[in-house]
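Please keep the sequence and the model in view while reading.

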Amino acid sequence: MRQALKNVREFFLEESLKRFFQGTYALNEHLASHTSMRIGGPARVMLMPRDVHDLARLVRFLRAVGMRFAVLGAGTNVLIGDSSLPLAIIKLNAPFFRKLKITGQTVFAAAGVALAAVRDEAAAQGLTGGEFLTGIPGTVGGALVMNAGVRGLEQEPAGTWHSMADCVTKVGVMDEQGNIALYSRAQIEFGYRSSSLKKGIVLGAWMEFAPAEPAAIAERTREFFERKQRTQEFSRPNAGCVFKNPIDATLSAGRLIDLCQLKGRAIGDAQISTVHGNFIVNNGAACFQEVKSLMELIQQEVFRKFAVWLEPEVEIWDTGGRQ
Ligand code: EPU
């Protein structure tokens with residue numbers, strides 16, 4: 001009976017999509033292959049709109065039929081449940097959403113462009129400012145929504161951070177009614193791993209860089225790369241830093257977890273990295289619950305020892321969608 005109902009629902013969904021949708025889609029798409037953690041069950045449907053008009057029609061349709069959706073970038077900062085998600089997942093990876101164009105010192109990158117491409121193209125044009133993106137996985141859309149960033153290099157003043165907020169000048173956003181707005185930098189609120197852009201769908205952004213000597217750009221890129229390689233986890237699937245650095249503590253989340261001697265601790269195939277305490281790696285067949293339990297264990301241990309409650313940096317999408 002349940003299966004029959006599901007089939008009927010899928011039939012109507014496909015029939016509706018056939019009428020207006022020009023992109024591609026996949027029903028019951030397993031999200032594990034769309035996340036860097038390699039974890040995630042099937043979403044009801046994954047939709048890859050062809051362009052901005054297709055996206056607008058799609059969000060209006062989803063709104064009309066009452067189907068909730070979430071936008072997935074490169075899936076590098078999400079932890080997704082193993083059971084079926086009653087969500088439509090929108091992925092902006094059609095060629096339209098991977099446009100990258102440089103005019104003078106201005107870089108335009110659509111939401112689906114990889115951060116590494118922004119950095120490389122800017123460097124190829126003799127522009128500095130994107131080197132900090134080295135080793136940050138993910139897409140422009142995701143990086144803007146969460147204001148991705150890193151600490152400054154050793155030679156920079158203590159407390160320096162580099163983030164998307166520093167280089168972005170304008171962002172195109174679509175709201176849930178399918179309307180497009182352009183926001184100037186001043187109209188966007190950026191915080192530590194947060195931004196006001198979360199409310200809409202980021203379509204693309206303009207970033208401003210500065211001219212520099214190619215050798216200096218290459219050296220700076222090498223320094224960011226070398227630091228990442230030395231201090232972070234690259235050998236096994238992970239979602240980067242799992243927790244935000246606490247604002248009410250002088251120590252970073254990674255340091256606190258390290259001081260609790262939790263590095264290397266495992267639940268099933270989920271393990272706290274031995275390289276960096278704030279990374280959880282998937283040793284092969286880790287499931288959502290194993291990672292979640294490990295996160296809870298970290299929160300409890302750090303709280304017990306330091307009276308600091310760590311807040312997740314990764315977004316948790318379990319049945320019910322974004323949290
Ligand atoms: N540390 C330890 N043990 C550990 C990990 C770190 O003692 O296991 C110490 C380090 O030696 C250092 C301090 O903790 O003295 C801070 O560590 P780190 O420089 O690695 O910085 P972080 O605060 O842990 C932040 C961002 C990273 C970003 C790096 C770049 C957050 C939560 N994390 O990490 O971002 O790559 O700075 O320097 O803000 C991410 O967002 O996914 C992410 C990885």
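Arg193 sits in the loop that runs between β13 (190-191) and β14 (194-195). Strands are DSSP runs of E with at least two residues, helices are runs of H or I with at least four residues, and both are numbered from the N terminus. This is a predicted model, in which local features need pLDDT of at least 70 and side-chain atom pairs count only at pLDDT 80 or more, while totals for chains, interfaces and linings use all residues. Residues are numbered from 1 along each chain as its sequence is written, and side-chain values use heavy atoms, with hydrogens and water left out.

The phi of Arg193 is positive, about 55 degrees, although Arg193 is not a glycine. Most residues other than glycine have a negative phi. Arg193 counts as buried because its relative accessible area is 15%; buried means under 20%, exposed over 50%, and partly exposed in between, with a 1.4 Å probe and protein chains only. Asn28 is another non-glycine residue with a positive phi, of about 50 degrees. Asn28 belongs to strand β1 (residues 24-30) and, at a relative accessible area of 29%, is partly exposed.

Two further loop residues can be taken together. Ala111 is placed in the loop between β7 (106-110) and α3 (115-124), and Thr139 in the loop between β8 (127-128) and α4 (140-145). Ala111 is buried, at 4% relative accessible area, and Thr139 is buried too, at 13% relative accessibility. Contact here means heavy atoms within 4.5 Å. Leaving aside neighbours within four places in sequence, Ala111 is in contact with Thr139, and also with Leu92, Phe97, Val140, Gly141, Val202, Leu203 and Gly204. Ala111 and Val52 are 59 residues apart in sequence, with 11 Å between their C-alpha atoms.

Phe20 is part of helix α1 (residues 2-20). Not counting residues up to four places away in sequence, Phe20 touches Asp54, Arg57, Leu58 and Phe61. From Phe20 to Leu127 there are 107 residues in sequence and 41 Å in space, C-alpha to C-alpha.

The chain is divided into domain 1 (2-90), domain 2 (99-230) and domain 3 (235-322), with bounds that come from an automatic or database domain assignment. The centres of domain 2 and domain 3 are 26 Å apart, taken over C-alpha atoms. Seven residues from domain 2 and seven residues from domain 3 take part in the contact.

Taken as a whole, the protein has eight helices and 21 strands. Its C-alpha atoms fill a box of roughly 60 × 50 × 30 Å along the principal axes. The radius of gyration is 20 Å, which agrees with the value near 20 Å for a compact globule of 323 residues; it is taken over C-alpha atoms, and the globule rule is 2.2 Å times the number of residues to the power 0.38. Of the 323 residues, 48% count as buried. Among contacts with a separation of 6 or more, 65% come from residues 24 or more positions apart. The accessible surface comes to about 15,400 Å², of which 53% belongs to carbon and sulfur atoms, by the Shrake-Rupley method with a 1.4 Å probe.
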